[in-house]
Amino acid sequence: MSQITAAVNNPIARKEVNFDGLVGPSHHYAGLSPGNLASALHAQSVSNPKAAALQGLEKMAWMVSQGIPQGVFPPQLRPNFPLLYDLGFKGSPQKVLEKVYKSAPQLLSMVSSASSMWAANAATVAPSSDTENGKVCITPANLVSNFHRSTEAAATENLFRYVFSDQHYFQINKPLPSASHFSDEGAANHMRIPATDFHSVQHVFVYGAQENPAQAPNHFPARQTLDASHAVARLNCLPENNVQFFQQLPMAVDKGVFHNDVIALSHKGLLLCHQHSFVAQQQKLRELKQGLGHSLAVIEIQEQQLSLEQAVGCYLFNSQIVTCGDGQTRMLLPMECAKQGAVKQLLEDHVQPQAQLAELKFMDLQQSMRNGGGPACLRLRMDLTEGELGAIQGKVLLDQERIAELKKRVDQYYPDRLTVKDLSDWGVARGLIEAVEAIYQLLDLPQNLIPNIE
Ligand code: SUG
């Protein structure tokens, strides 16, 4: 038996840890992401950063209450003053904010976006059980599809080089080159699927764009390229036999499926997806089954059960299926799925029995949902051994006490109302920066990870 098969074969050796991005205090709605329908719909509406962060922390608290290891990544510093200086704005912070708001309000939104909260886009991760070098391999995403998101990559890489700095256990790669040819959106377009019998594993990389323009979406951008997916698979040291590449259905991208995790999700040997998730779907699913020795359960939701539009509206596929401390499997879904009778019925009548779910847990994540971020967008999954968990730096692994401390900081520092105009006020912006500093302090993360704004 090869080393890789042996490690995959031992499911007790690793625990799935979900690292959620804590919503930052500058969370607001700016309509920055073409193809993300919720972001466009809520552009310029008034946000509530405090409620957004507390909703995210409630989700983390539920995970901990279920006996599931849970981590957190801090928000990045926003407004991003160093970037504004790089773009030629000069003067005191107040002057810089006034100038950028006056000349380019959308730019102020871009450099102030709290988008690092969507940790599923932070990186692609391969657990040490699956990699040729036996390390956890992590490739931070370059996120070049949207300017406001591309500015996350450097800070994410720095954070990961600190938190996962033990090179005995972790390999942190550089993000791919920042060019559209290598556009990479991280784990949102990647599914690690072990066989139900744990004898093998497949990594499915989902891309939206390839060279043939006939196979590209017409209205909205395809955010992930095939060449980027190939590069990430290589960098993450995955054996070729354990890797497959699926293309998103262009029609689905055009209907608002901007990441694969908006239309498909996996947990252990289960794949839950929509009928219109992939190009040549039946053939690709056959290949996947073959790669897993036919040990895979697929629940494929048909268009007449749930249309693509409905799926994008309620984010059913952006849920998290989790195995809890009591051994039961539960599904954490956005509240929007409970609000539509037909969706709830589909879940209760079909998904719950087929996936053998002990509970459907609906949670209110409305603040993030209004920017197109559901439960699964907010988290980056990693399967880690006890040794790897023990090597993590900073107090980023959570218990209820640390969550309560984080809630206190959020209550103390976060505004409960924010518009882009508010961001042009240095008094407000300084408060947002202090909030981020307080969170780094609480999580025992060095302040030098936060760029100096002078
Ligand atoms: O990249 N929204 C994010 C949502 C990311 C969701 N993540 C996953 N599906 N994994 C995006 O489109 C909107 C920001 C604004 O418009 O203010 C935004 O960036």
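Reader: Hi! What kind of model is this, and how are the residues numbered?

Author: It is a predicted model, where local features need pLDDT of at least 70, side-chain atom pairs count only at pLDDT 80 or more, and totals for chains, interfaces and linings use all residues. Residues are numbered from 1 along each chain as its sequence is written, and side-chain values use heavy atoms, with hydrogens and water left out.

Reader: What are the angle and the axis distance for H3 and H17?

Author: Helix H3 covers residues 49–65 and helix H17 covers residues 400–413; they pack at about 175°, with their axes 10 Å apart. H3 and H17 are therefore roughly antiparallel to each other. For the labels, angles under 35 degrees count as roughly parallel, over 145 as roughly antiparallel, 65 to 115 as roughly perpendicular and the rest as oblique.

Reader: Which residues make that contact?

Author: On the H3 side they are Lys50, Ala53, Leu54, Leu57, Glu58, Met60, Ala61, Val64 and Ser65, and on the H17 side Gln400, Ile403, Leu406, Lys407, Val410 and Asp411. Contact here means heavy atoms within 4.5 Å.

Reader: And how many of them are nonpolar, polar or charged?

Author: The contact of H3 with H17 has nine nonpolar, two polar and four charged residues. In this scheme Ala, Val, Leu, Ile, Met, Phe, Trp, Tyr, Cys and Pro count as nonpolar, Asp, Glu, Lys and Arg as charged, and the others, Gly among them, as polar.

Reader: I spotted Lys59 in H3. Buried or exposed?

Author: Lys59 has 1% relative accessibility, so it counts as buried. Buried means under 20% relative accessible area, exposed over 50%, and partly exposed in between (1.4 Å probe, protein chains only). Not counting residues up to four places away in sequence, Lys59 touches Asp20, Gln320, Leu332, Met363, Leu365, Pro375, Leu378 and Arg379.

Reader: Next pair: at what angle do H5 and H18 pack?

Author: At about 110°, with the axes of H5 (residues 93–103) and H18 (residues 426–442) 9 Å apart. That makes H5 roughly perpendicular to H18. Pro93, Gln94 and Leu97 of H5 meet Trp426, Gly427 and Ala429 of H18. By class, that contact has four nonpolar, two polar and no charged residues.

Reader: Switching topic! How many aromatic pairs are there?

Author: The structure holds 10 aromatic pairs. One of them joins Phe160 and Phe164 edge-to-face, 5.5 Å centre to centre with 75° between the planes. Rings of Phe, Tyr and Trp (its six-membered ring) pair if their centres lie within 6.5 Å; planes under 30 degrees apart count as stacked, over 60 as edge-to-face and the rest as tilted.

Reader: Which parts of the chain does the Phe246 and Phe278 pair link?

Author: Distant ones: Phe246 is in strand S8 (residues 243–247), while Phe278 is in the loop between strand S10 (270–274) and helix H11 (281–291), 32 residues apart. Phe246 counts as buried at 0% relative accessibility, and Phe278 counts as buried at 2%.

Reader: Last one: which peptide bond is cis?

Author: The bond from Arg78 to Pro79, with omega near -5°. Pro79 is in the loop between strand S2 (70–73) and helix H4 (81–86). Most residues other than glycine have a negative phi, and most peptide bonds are trans. Lys268 has a positive phi of about 45° although it is not a glycine, and Asp444 has one of about 55°, also without being a glycine.

How values were computed
Axes are lines fitted to C-alpha atoms, for helices over the stretch in contact, and angles run from 0 to 180 degrees between N-to-C directions. Helices (H or I, at least four residues) and strands (E, at least two) are DSSP runs, numbered from the N terminus.
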